[in-house]
Amino acid sequence: MSADVVHAHCLSLPGASHVVQWRGMHVFKVGSKMFAVMGPDRTNVTLKCAHHDMAELLVESGRAKWPPYLKMKSWVAIEIGDVPEDELQDRISASYAVVRKSLTKAAQADLPPYERSDA
């Protein structure tokens, strides 16, 4: 999977936006909250897990690493080439769903519809 495919998948999610900030970081947001971040080199993507236990499992299994700045908040960094494309797209969608669900009801109502049962 390439960084361009990650970028396209992130923006395909309803109401998602992209901004480059923090010294070249590619930040994908839903509402005002980020759900995915790619560094300037675009070799990995940092995503939010639904639970800290899931983040720990991904790190312990070698599927992800702890990002140095978000470890205690269920975020993991995944090397783009280290997991199959469908798995990475699913993890991106799951991160989006978790973050979207954390928005206020008013902010959620302003977004296009989205259904995901496992978030």
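**Salt bridges and burial**

Guide: In this predicted model, R63 and E87 form a salt bridge, their closest N and O atoms being 2.2 Å apart. R63 lies in the loop between α2 (52–60) and β5 (75–79) and E87 in helix α3, so the pair ties together parts that are 24 residues apart in sequence.

Visitor: Why is the pair of R63 and E87 called a salt bridge?
Guide: The rule asks for a side-chain nitrogen of Lys or Arg within 4 Å of a carboxyl oxygen of Asp or Glu; with the closest N and O atoms of R63 and E87 at 2.2 Å, the pair is therefore counted as a salt bridge.

Visitor: Is E87 buried or exposed, and how do you know?
Guide: E87 has a relative accessible area of 17%, and buried means under 20%, so E87 is called buried. R63, at 33% relative accessibility, counts as partly exposed, because that class runs between 20% and 50%.

Visitor: Which other pair meets the rule for a salt bridge, and what does the pair tie together?
Guide: D4 forms a salt bridge with R42, with the closest N and O atoms 2.5 Å apart. D4 lies in helix α1 and R42 in the loop between β3 and β4, so the pair ties together parts that are 38 residues apart in sequence. D4 is exposed, because its relative accessible area of 52% is over 50%, whereas R42, at 22%, counts as partly exposed.

Visitor: How do you know that the buried residues of α1 are on the same side?
Guide: In helix α1 (residues 3–12), A3, V6, H7, H9 and C10 are buried. They cover an arc of only 165° around the axis, which puts them on the same side of α1. What covers these buried residues includes β1 (16–21), β2 (25–30), β3 (33–38), β4 (44–48) and α3 (85–102).

Visitor: Why is the pair of H26 and H18 called a polar contact?
Guide: The side chains of H26 and H18 make a polar contact at 3.1 Å, and the cut-off is within 3.5 Å, so the distance meets it. H26 lies in strand β2 and, at 14% relative accessibility, counts as buried.

Conventions:
Residues are numbered from 1 along each chain as its sequence is written. This is a predicted model: local features need pLDDT of at least 70, side-chain atom pairs count only at pLDDT 80 or more; totals for chains, interfaces and linings use all residues. Side-chain values use heavy atoms; hydrogens and water are left out. Buried means under 20% relative accessible area, exposed over 50%, partly exposed in between (1.4 Å probe, protein chains only). Helices (H or I, at least four residues) and strands (E, at least two) are DSSP runs, numbered from the N terminus. The arc is that of the directions from the helix axis to the C-beta atoms. Contact means heavy atoms within 4.5 Å. A polar contact is a pair of N or O atoms within 3.5 Å; within protein, one must be able to donate a hydrogen and the other to accept it, and residues adjacent in sequence count only if both atoms are side-chain atoms.
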